[in-house]
Amino acid sequence: MASMASISAARGGTAPSGNQLEAFDYFLVVDFEATCEKDQRIYPQEIIEFPSVLVDGATGRLESAFRRYVRPKHHPVLTQFCRDLTGIRQEDVDGGVDLGDALWLHDAWLKAAMAGTGAGTGAGAKKGGRLAVVTWGDWDCRTMLESECRFKAIAKPPYFDRWINLRVPFEAMLGGRGRTNLQEAVRAAGLEWEGRLHCGLDDARNTARLLVELMRRGAKMEITGSLAPVPLIREKQQQQKPCMSPCVITGSLALPPRIQQQPHASPCSGAETRFCYCGVPSRGGVVAAPGPMQGKCFLGCGNWTPAMGVVCPYFVWGN
């Protein structure tokens, strides 16, 4: 991709001011694809394509791209609707990796790209630079990745906990009020759609192109969404017997050691042991183990801290 200055010159415009590009050195554009069925909800829904594109914030160049197909555990056979929609073949996911491994591979790729090893000429100049994840909508980070990592007790890098929903600056500049899809937004910005719609990597690349075009027009990129930790209430912690959640996220770029899902006895079910996930009233979890409660939601009354995990003295089962 050409630099911001060359794009602007080619279109008779001016490059964005330095202040508009200084908030972040890099933009990491992601667009997950997941298991799906027409007019039905698959539960649990799982990521099957993990793509991202690294954009140099100063030049607008797409420095490097990453993609791994992910093997779903709970619905390993893709529906015909899912294959037709995404273009992902059954053999792609059969030969894919687990989500935890995809996160590890992605983190290694990102470090190499930002260090300039095999990423292109621009990224290496700002080793350790400021990074912002970019999505079209909040689904990728707030819903899909967060819920699957909690469901499977997988730790994810903290940079996925804050993101820029590109729909926000797009609507501020060009309108749309939440009804414009990504392909329509790309065209509304005067760009031609490239690749296959609902191919995760093609969607990420087109989102990256839209990001660069909006910055060229002067849009300011700021964090629009985040997953804020729930503050610890120490009185409840002292009064109630805790069970520690395996899903603990560290504050560094490097992923912590892989943590296996552990069972604990639910106070709502007597002595019966289930695989479950600790939660708080606004976030909750689901039961993963086979049995009559598999797939059931629960809400926990506990509290979360990065150091201690989740304290879950009891659960409330839902539908």
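**View 1. Lys156 and Asp161 pair up in a salt bridge.** The closest N and O atoms of Lys156 and Asp161 sit 2.3 Å apart in this predicted model. A salt bridge here is a side-chain nitrogen of Lys or Arg within 4 Å of a carboxyl oxygen of Asp or Glu. Lys156 is buried, and Asp161 is buried too; buried means under 20% relative accessible area, exposed means over 50%, and partly exposed is what falls in between (1.4 Å probe, protein chains only). Salt bridges with shared partners tie Lys156 and Asp161 into one network with Glu146 and Arg150. For the whole structure, the salt bridge count is 16.

**View 2. Glu146 and Arg150 meet side chain to side chain.** Their salt bridge comes in at 2.7 Å, N to O. The two residues are 4 apart in helix α6 (residues 139–152), so about one helical turn separates Glu146 from Arg150. Helices are DSSP runs (H or I, at least four residues), numbered from the N terminus. As for cover, Glu146 and Arg150 are both buried.

**View 3. Asp92 holds on to Arg89.** Zoom in on helix α4 (residues 90–94) and you'll find Asp92 there. Arg89 and Asp92 form a salt bridge, with 2.8 Å between the closest N and O atoms. The pair also shows up as a side-chain polar contact at 2.8 Å, that is, a pair of N or O atoms within 3.5 Å; within protein, one must be able to donate a hydrogen and the other to accept it, and residues adjacent in sequence count only if both atoms are side-chain atoms. Asp92 counts as buried because its relative accessibility is 12%, while Arg89, at 46%, counts as partly exposed. Setting aside neighbours within four places in sequence, Asp92 is in contact with Tyr69 and Gly87, where contact means heavy atoms within 4.5 Å.

**View 4. Helix α9 has the span you'd expect.** It runs over residues 200–216, 17 residues in total. Of the 17 residues in α9, 16 are buried, so the helix is mostly covered. After α9 comes Gly218, with a positive phi near 105°.

**Notes for all views.** Residues are numbered from 1 along each chain as its sequence is written, and side-chain values use heavy atoms, with hydrogens and water left out. Because the model is predicted, local features need pLDDT of at least 70 and side-chain atom pairs count only at pLDDT 80 or more, whereas totals for chains, interfaces and linings use all residues.

Key: The expected span of a helix is 1.5 Å times one less than its number of residues.
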